[in-house]
Amino acid sequence: MRLSSLLLFCMLLILGGCSHFSTQEQLSGSGQTDTWQSHKQRIAPLDAWQISGKLGIRSEQESGSAVIFWLQRQDYFDIRLSGPLGQGSTRLTGRQGAVSLDIANRGTFHAASAEELMQQQLGWSLPVENLLWWVRGLPAPNSKSQLQLDSNSLLAQLEQDQWLVEYLSYRTENDLQLPERIKLSGAGLTITLVIKEWQARQLGQ
C-alpha cells in the first residue's frame, strides 16, 4: 500500500457519525462495571472538540508520520494533516452527505460520504464511523465489542469490527479522563495517535 493510500485511509477512518449511545459490550479486566458506566455517561455527550498531536502509520511495506489537527462540531469535521507521510498537507472537511478531501499536489475530491470517497480514491472501503467514539475512549455503539478495563475502570483494550484498539495512556482535562496515546491495529496497518492537546465540550443534546 502506497503512503498516499495509507494517509487517505487514516483520514477516512477518523470520520464518524453520531448516534444514540447503545452497544453490546463484553467486559473483562480489573475495573468496576458501575464506574465504567458512569464514565461513559459523562464522555458520550461530548460532541465538540479540538485535538492536536501526532499521527503515525505503519504497514508491512512503509511507514510515516504527520502532525494532526482535528476540529469537531457535532456532525461537522475539519481534519488537517501537515507534512503527512512526506506528502505535503491534507485537509478533510464536511459532514455526512457532503465530504471534501483536499490533497496537496493532487487536487480536491468530493463525495456524499466518507465510505464513497474511500471507494473512489482507493477502490475499496471499510467502516469509518468508529474512531469518533474510539478517540473518546468509548466503543462505537452499533456493533459488538470486547472491552478490557484497567484498574481505573477506563478502557485498556477494545476489540471491535476486526480492529484492536489499545489505550496506552490517559490525561485529565476539565475533570474528564480522555485518551492521550492510542494504538490501532487492523487491515494490515498500525496507527498510533498521540494527543498533545485536548479541548472537549458538549454543544447539543
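Helices (H or I, at least four residues) and strands (E, at least two) are DSSP runs, numbered from the N terminus. The model is predicted: local features need pLDDT of at least 70, side-chain atom pairs count only at pLDDT 80 or more, and totals for chains, interfaces and linings use all residues. Residues are numbered from 1 along each chain as its sequence is written, and side-chain values use heavy atoms, without hydrogens and water.

**View 1. Asp150 sits in the loop between strand E8 (144-149) and strand E9 (155-160).** A polar atom of the Asp150 side chain lies 2.9 Å from the backbone nitrogen of Asn152. Beyond its neighbours within four places in sequence, Asp150 is in contact (heavy atoms within 4.5 Å) with Ser30, Gly31, Leu155, Ala156 and Tyr170.

**View 2. Strands E11 (residues 176-186) and E12 (residues 189-201) pair in the antiparallel sense.** Six bridges join this pair; pairing requires at least two bridges found by DSSP. Arg181 stands opposite Val194 in E12.

**View 3. Twelve strands form an open sheet with mixed pairing.** Their order is E1-E8-E9-E10-E11-E12-E2-E3-E4-E5-E6-E7. Strand E1 (24-29) and strand E7 (107-111) are the edges, each pairing on one side only.

**View 4. Gln61 lies in the loop between strand E2 (48-58) and strand E3 (63-73).** Gln61 is exposed (over 50%), with a relative accessible area of 55%. Its C-alpha atom is 10.0 Å from that of Leu189, 128 residues apart along the chain.

Definitions and conventions: A polar contact is a pair of N or O atoms within 3.5 Å; within protein, one must be able to donate a hydrogen and the other to accept it, and residues adjacent in sequence count only if both atoms are side-chain atoms. Buried means under 20% relative accessible area, exposed over 50%, partly exposed in between (1.4 Å probe, protein chains only).
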